[in-house]
Amino acid sequence: MEEMEEELKCPVCGSFYREPIILPCSHNICQACARNILVQTPESESPQSRRASGSGVSDYDYLDLDKMSLYSEADSGYGSYGGFASAPTTPCQKSPNGVRVFPPAMPPPATHLSPALASVPRNSCITCPQCHRSLILDDRGLRGFPKNRVLEGVIDRYQQSKAAALKCQLCEKAPKEATVMCEQCDVFYCDPCRLRCHPPRGPLAKHRLVPPAQGRVSRRLSPRKVSTCTDHELENHSMYCVQCKMPVCYQCLEEGKHSSHEVKALGAMWKLHKSQLSQALNGLSDRAKEAKEFLVQLRNMVQQIQENSVEFEACLVAQCDALIDALNRRKAQLLARVNKEHEHKLKVVRDQISHCTVKLRQTTGLMEYCLEVIKENDPSGFLQISDALIRRVHLTEDQWGKGTLTPRMTTDFDLSLDNSPLLQSIHQLDFVQMKASSPVPATPILQLEDCCTHNNSATLSWKQPPLSTVPAEGYILELDDGNGGQFREVYVGKETMCTVDGLHFNSTYNARIKAFNKTGVSQYSKTLVLQTSEDTDSEEQTVPFPVPSERLPLRRMSPFSSTLNLQPSFPGRAYFDFRSSPHQLSLHSSLQSLNAPGCNFETQSASYSQLVDIKKLLAVAWFAFDPGSAHSDIIFSNDNLTVTCSSYDDRVVLGKTGFSKGVHYWELTVDRYDNHPDPAFGVARIDVMKDVMLGKDDKAWAMYVDNNRSWFMHNNSHTNRTEGGITKGATIGVLLDFNRKTLTFFINDEQQGPIAFENVEGLFFPAVSLNRNVQVTLHTGLQVPDFYSSRASIA
């Protein structure tokens, strides 16, 4: 019932309708409010003056127009019973409920009629406050509009129903429900307030107390009236004109006003229209039911959204906590490594302290003993022990040779935490909108004709399937570790070709590729098996493959863990061997045969039917010095093949390629040798110290040599002093044999001393340390010395 209250209020005064009248537009208005919004139209705009002047539409009797036909399309809906007129240009106001109305007209002259029914000025205009359509009133004025008795009855019933919930008017805080009403006081009371303020004794005992509903009804000014004809106020409606769509009386029919219209009994039309309204309400009721169900659905959505929000927040917190836990575990692991490095450094330094303390104590004791011997005055006795003492002094002095008084360990920690990728990932951490409508890209296809390997690098090329309609935003290339281990990402980007440098020699790698877009990731492609350069001792079978006719430009390599070189692949040709598995392809590069002695290269147009025995091919590596990892004092020239130094102190430079398998040999020629320095040659880890002589720490294995002799040195320990030094033009050879796990040095094609180091395992880089008095040039791609190869075959 409360939703209906807005339908029962006047759009002008905002209160319940009092004596409502029905305007021709079917809207209602209080009769008193209708009089207040009347506006007088100028005489020149009246229908009579317009017909007298001949304006308007001729030969048409506007007085016979149907009273419901009030809308003028050409004049914005203005109309009247007798004719059309323009709306007066009067500023509008707003009623209490926000409806636009015109200001009241000038007060009419006094008359003997009631204010509501008093005659109105001629040519008065009224505008509907709801649809804003205006019309000119005829001589009957407001009495020409029918009264809405049905609306009055509805309002009475509504007010009676609300009277049951009337509240006490004397309660100070929370008003209680009223139980009685005093007709004389016109006040509603609850029981406590009635006993306190309206006692049943004294003068108030004569007041009449009635129930609240009865008292509410008694407040009405007058009882409900029966609807009468607007033209004949003493006649009740008894018939209904179908054309005019209004009830009429018998007198209207006798006067012939509806003679040509279809007239039906009022009761029959009342039942018919009630039936039509009920049917229309059925459709509206269905819509209202759907609206209620929709509101229930929306309220359920609100609850579901709140529940999902709590669940999603809990999931997000759990995921972030998992990341934090993983970071804490990794932190503990890194701290353990730092502690291990700390303990190792302390152990090395403490061992050196203990060693030097013992040796110093021995040396001091020898010195004191020798001083006491010198004080002796017996020549024969002195000469008996002098030779032995002299030899002991020289031997002790030699024990304090070069490097003994140099710390074996630095105070700096050679550990650097690279947290930039993790920070970038954290900054890019975001939600992903799951949209199932967009499919993932198709699986990429590896282009075998463009894939090849060279030395310890591999170039792969791929493309999208020809009939693929889903674009790929990028690709992910994965390789294993060369030993059948887990795959790891080595490239993510939009390119369709990638060269991976720094792979292990004599290793077999598995490669695969997949595409991705915003929706997700495609399936992996078929696995491609790549074989890097073979060793001279490998037992490969003889296989046919074409030999290129020209030496290709070889790129310098970088270790497997370094940044990838995304350069176009070199135009090499490769031999492909399809293995038994339908999902694997084997790729053996023919580029390993380049620069091999005795190979007769054909012209580009010649046939590639030549057979080459892999056993006879040389597993050579072409590389140069690496400026990126060298000490800043190192000076490079000759395409990074020649190096010297700007400092008098020894500085270290590494080669650009690391080795972990196979047999490898390279040489260095001495271009300049001044003031008899002692350069060092050998191999080292990637994190070797760069500001001391090679071999001073435990990350390098080297031979340092001067103009007379050489020593092998590792972790500042000097061994195997060997006669024979270097001069300008000398050649130093380094042979790294992973098959035997040995490191051997050569000077001028002759082996220098025994095998320098054994049990050599891991990843090593060619290394040199020198100062400004030395300049050397690197030579790579060389075969192993013949006498070493023959000796290896005998072994």
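This is a predicted model: local features need pLDDT of at least 70, side-chain atom pairs count only at pLDDT 80 or more; totals for chains, interfaces and linings use all residues.
**Group meeting: strands and cores**

Residues are numbered from 1 along each chain as its sequence is written, and side-chain values use heavy atoms, with hydrogens and water left out.

Back to the strands, which are DSSP runs of E of at least two residues, numbered from the N terminus. Two of them pair if DSSP finds at least two bridges between them. β8, residues 180-182, pairs with β10 over two bridges in the antiparallel sense. The open sheet here has three strands in the order β9-β8-β10, with antiparallel pairing. β9 (187-189) and β10 (209-210) each have a single partner strand, so one side of each is left without a neighbour in the sheet.

Now, which strand is largely enclosed by the rest of the structure? That is β35, because six of its six residues are buried, meaning under 20% relative accessible area with a 1.4 Å probe, protein chains only. Thr742, Thr744 and Phe746 point one way from β35, while Leu743, Phe745 and Ile747 point the other way. In a regular strand the side chains alternate between the two faces of the sheet.

β35 has several antiparallel partners. With β34 there are six bridges, and Gly733 stands opposite Phe746. That hairpin has four residues between the strands, and Lys741 takes a positive phi near 65°. With β36 there are two bridges, and Phe746 stands opposite Gln751. Here the hairpin has two residues between the strands, with Asn748 at a positive phi near 55°. With β37 there are two bridges as well, and Thr742 has Glu758 as its bridge partner.

Is Gln752 buried or exposed? Buried, with a relative accessible area of 7%. Leaving out residues up to four places away in sequence, Gln752 touches residues including Met703, Phe712, Phe745 and Ile747, where contact means heavy atoms within 4.5 Å.

Finally, the nonpolar cores: sets of buried Ala, Val, Leu, Ile, Met, Phe, Trp, Tyr and Cys residues joined through side-chain atoms within 4.5 Å. The largest has 38 residues, and Trp666, Leu668, Leu736 and Leu743 have the most contacts inside it. β34 (731-737) and β35 (742-747) are among the strands that each supply at least two residues, and β29 gives the most, with four.

Terms used. Buried means under 20% relative accessible area, exposed over 50%, partly exposed in between (1.4 Å probe, protein chains only).
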